[in-house]
Amino acid sequence: MTQIAIVYHSGYGHTKKQAEAVLAGAAGVAGVNATLFAIDAEGNLTDEAWAALEAADGIAFGAPTYMGAASWQFKKFADASSKAWFQQKWKDKVAAGFTNSASMNGDKLSTLHYFFTLAMQHSMIWVGTGMLPANSKAAQRNDVNYLGSFAGLMAQSPSDSSPDEGPLPGDLETARQFGARLAETTKRIRG
């Protein structure tokens, strides 16, 4: 079985909902076992989660975008990953990233670039969305990849929405398809 680990921080529940959609897409691919690992409010991950990341074939990084970057809790996790870096434990694993913010843009690309840089530090293989954007006049807000991201998965949840209200269905379907792409690509590369 190909193992996918989805490690994420969620401040208010919106990014958790996005992570669950990525999980659904990845887990829907035959021969793939996908698991969520939540970074807690103090930026910590359990020893069991660290071991699962080491054993995984692919890792998806997720965090909300706050003030133009990933949450501090995710950054603490990333800094702690230097222990794996010293031994290149994540080398040649497949990597991907996802983020959510309140604004349509919200500088989410900065967060995705942070994830990409983290993956490159670990000598990982990056996978983008592989999706065309919904950018025609006929496009609707709930179309797949309405936010038009190529580098990684983006979602938008209004600042006054609960996790029941956001991310929107189109963003969650984009997340599901992204999870499937990550799983299929990981399975093909890592077998």
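**Exercise 1. Find the largest nonpolar core and say which residues have the most contacts inside it.**

Solution. The largest nonpolar core has 26 residues, and Val7, Ile59, Phe61, Phe74 and Phe77 have the most contacts inside it. A nonpolar core here is a set of buried Ala, Val, Leu, Ile, Met, Phe, Trp, Tyr and Cys residues joined through side-chain atoms within 4.5 Å. Buried means under 20% relative accessible area, exposed over 50%, and partly exposed in between, with a 1.4 Å probe and protein chains only.

Next, sort the core by element. Strand S1 (2-8), H2, S3, H3 and H5 each give two or more residues to this core, and H5 gives the most, with four. Helices (H or I, at least four residues) and strands (E, at least two) are DSSP runs, numbered from the N terminus.

Before going on, a word on the model: it is predicted, so local features need pLDDT of at least 70, side-chain atom pairs count only at pLDDT 80 or more, and totals for chains, interfaces and linings use all residues. Residues are numbered from 1 along each chain as its sequence is written, and side-chain values use heavy atoms, with hydrogens and water left out.

**Exercise 2. Work out which strands pair with S3, and in which sense.**

Solution. Start with the pairing rule: two strands pair if DSSP finds at least two bridges between them.

- S1 and S3 run parallel and are joined by five bridges; Ile6 stands opposite Ala60 in S3.
- S3 and S5 are also parallel, over seven bridges, with Ile59 opposite Ala95 in S5.
- S3 and strand S4 (residues 69-70) are antiparallel, over two bridges, and Tyr66 stands opposite Ala69 in S4.

Now look at the S3 and S4 hairpin: there are two residues between the strands, and Met67 takes a positive phi near 50°. As for burial, eight of the nine residues of S3 are buried.

**Exercise 3. Classify two aromatic pairs and place their rings in the chain.**

Solution. The structure holds 13 aromatic pairs. Rings of Phe, Tyr and Trp (its six-membered ring) pair if their centres lie within 6.5 Å; planes under 30 degrees apart count as stacked, over 60 as edge-to-face and the rest as tilted.

First pair: the ring centres of Trp50 and Phe77 are 5.1 Å apart and the planes are at 25°, so this one is stacked. Trp50 sits in helix H2 (residues 47-55) and Phe77 in helix H3 (residues 72-80), so the pair ties together parts 27 residues apart in sequence. Trp50 is partly exposed at a relative accessible area of 23%, while Phe77 is buried at 1%.

Phe74 counts as buried at 0% relative accessibility, and Tyr114 as partly exposed at 27%.

Finally, step back: Trp50, Phe61, Phe74, Phe77, Trp90, Tyr114 and Phe115 form one aromatic cluster.

**Exercise 4. Describe the largest pocket and the largest cavity, with their linings.**

Solution. On a 1 Å grid over the protein atoms alone, a cavity is a set of points where a 1.4 Å probe fits but cannot get out, and a pocket is an open set with protein on both sides within 12 Å along at least five of seven lines; lining residues have an atom within 4 Å of a point. Grid points are joined across faces, edges and corners, and a volume is the space filled by probe spheres set on the points.

The largest pocket holds about 220 Å³ of space. Its lining has 16 residues, with Tyr12, His14, Tyr66, Asn100 and Ala102 nearest the centre. Helix H1 (14-27), strand S3 (58-66) and strand S5 (94-101) each give two or more residues to that lining, and S3 gives the most, with three. By class, the pocket lining has six nonpolar, ten polar and no charged residues. Ala, Val, Leu, Ile, Met, Phe, Trp, Tyr, Cys and Pro count as nonpolar, Asp, Glu, Lys and Arg as charged, and the others, Gly among them, as polar.

The largest cavity has a volume of about 30 Å³. Asn145, Tyr146, Leu147, Ser149, Met154, Asp171 and Thr174 line this cavity, which makes three nonpolar, three polar and one charged residue.
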